[in-house]
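Open the model in your viewer and keep the selection panel at hand.

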Amino acid sequence: EALPMASTTKIMTALLALEQGDLTQLVTTGPNAFGVPGTSIYLAQGEQLTLEDMLYGLMLSSGNDAAVAIAEHIGGTVPDFCRMMTERAAALGCENTVFSTPHGLPTQNHHTTAYDLALITRAALAMPSFRQIVSTQRASIPWAGHDYGRVLTNKNKLLSSYPGAIGVKTGYTKAAGRCLAFAAEREGMTLIGVVLHCPDWFNQAAALLDWGFANYGLFEAEGVQNKTIPVTGGVRNSCALTSEGFRAVLPKAQISAVRQSILKPEAISAPVKTGDAVGSVSYTVEGRVIGQISLTAAENVEKIGFFEILGRVLARFLLV
């Protein structure tokens, strides 16, 4: 269901900033950013902070002024940045998301769905810098004209109340209600959830995470090793094979039912280069494919030349 999402909007603002910008760049507070209504980190017009400090102000204190400053720094103008936000969301598979602001204050045609926002959150959490910022409970950044820094406190109570919580962002307006994108990590498995227009947001988020950790687990398989394939016309008669490991989140009842299948031809022809795709490794549960990994050559095998062939023939003749 398409709904307004308040300041959880800023997840996409941060995602684009990290993809398009440099954390060490200075971001200047323009007249459009100065005095934006709602939550603020009290930027002065003309004040400069690094993009990294702006992002801490954006994600911990939910600074609307920081959102506009970042939008203009990355996109040139707020409308252009919002178009970038909407296009990036579409590229992530979001089918019902439109951004009209970089901060989430009420406006027309600004909405997402819980599922779409989870896709955006997943992409953002793939970046270590984003994870670091949204999992920080308290930080201090410079404050021009003061002999002390801005103290920023994360509004996400799950960070202190839910074991394994790593973020992500709260949001509230009267129109959107209480909105929360949240995530937690345990034993290598990260679960991501979203609630929109949810009065009991933190408790509902914790209940969803509890259900997820109780019912799902992480399946892990090592990469293929110690496998070979015959090689025709090569300086060697075989080639070692390898694959990456495989990981998947599955219902706990299915983890023991995962089966591995290695698909490869009976032989390959030289020359062979390290990394050449040779086949695939499939993982299935009750016949349903849950993942597929490339099976590749782990070494070079050069094509046999005239003199190598002559040497082999002579060696056989001498043995006779």
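Which residues in H2 meet which residues in H3? Leu 51, Met 54, Leu 55 and Leu 58 in H2 meet Ala 66, Ala 67, Ala 69 and Ile 70 in H3, where contact means heavy atoms within 4.5 Å.

Before selecting them, note that this is a predicted model, in which local features need pLDDT of at least 70, side-chain atom pairs count only at pLDDT 80 or more, and totals for chains, interfaces and linings use all residues. Residues are numbered from 1 along each chain as its sequence is written, and side-chain values use heavy atoms, with hydrogens and water left out. Helices (H or I, at least four residues) and strands (E, at least two) are DSSP runs, numbered from the N terminus.

**H2 and H3**

Select residues 51-59 for helix H2 and residues 64-75 for helix H3. Their axes come within 8 Å and cross at roughly 140°; axes are lines fitted to C-alpha atoms, for helices over the stretch in contact, and angles run from 0 to 180 degrees between N-to-C directions. H2 is therefore oblique to H3 (angles under 35 degrees count as roughly parallel, over 145 as roughly antiparallel, 65 to 115 as roughly perpendicular and the rest as oblique). The contact of H2 with H3 has 8 nonpolar, no polar and no charged residues. In this classing, Ala, Val, Leu, Ile, Met, Phe, Trp, Tyr, Cys and Pro count as nonpolar, Asp, Glu, Lys and Arg as charged, and the others, Gly among them, as polar.

**H1 and its partners**

On the H1 side, show Lys 10, Ile 11, Thr 13, Ala 14, Ala 17 and Leu 18; they meet Leu 51, Leu 55, Leu 58 and Met 59 in H2. By class, this contact has 8 nonpolar, 1 polar and 1 charged residues.

Next, select residues 10-20 for H1 together with H5, which pack at an angle of about 35° with axes 10 Å apart. Here Ile 11, Met 12 and Leu 15 in H1 meet Leu 117, Ile 120, Thr 121, Ala 123 and Ala 124 in H5. The contact of H1 with H5 divides into 7 nonpolar, 1 polar and no charged residues.

**Two backbone details**

Go to Tyr 42, in the loop between strand S1 (26-28) and strand S2 (48-50). Phi of Tyr 42 is near 60°, a positive value in a residue other than glycine. Then select Ala 270 and Pro 271: the peptide bond from Ala 270 to Pro 271 is cis, with omega near 5°. Pro 271 is found in the loop between strand S13 (268-269) and strand S14 (277-285). For reference, most residues other than glycine have a negative phi, and most peptide bonds are trans.
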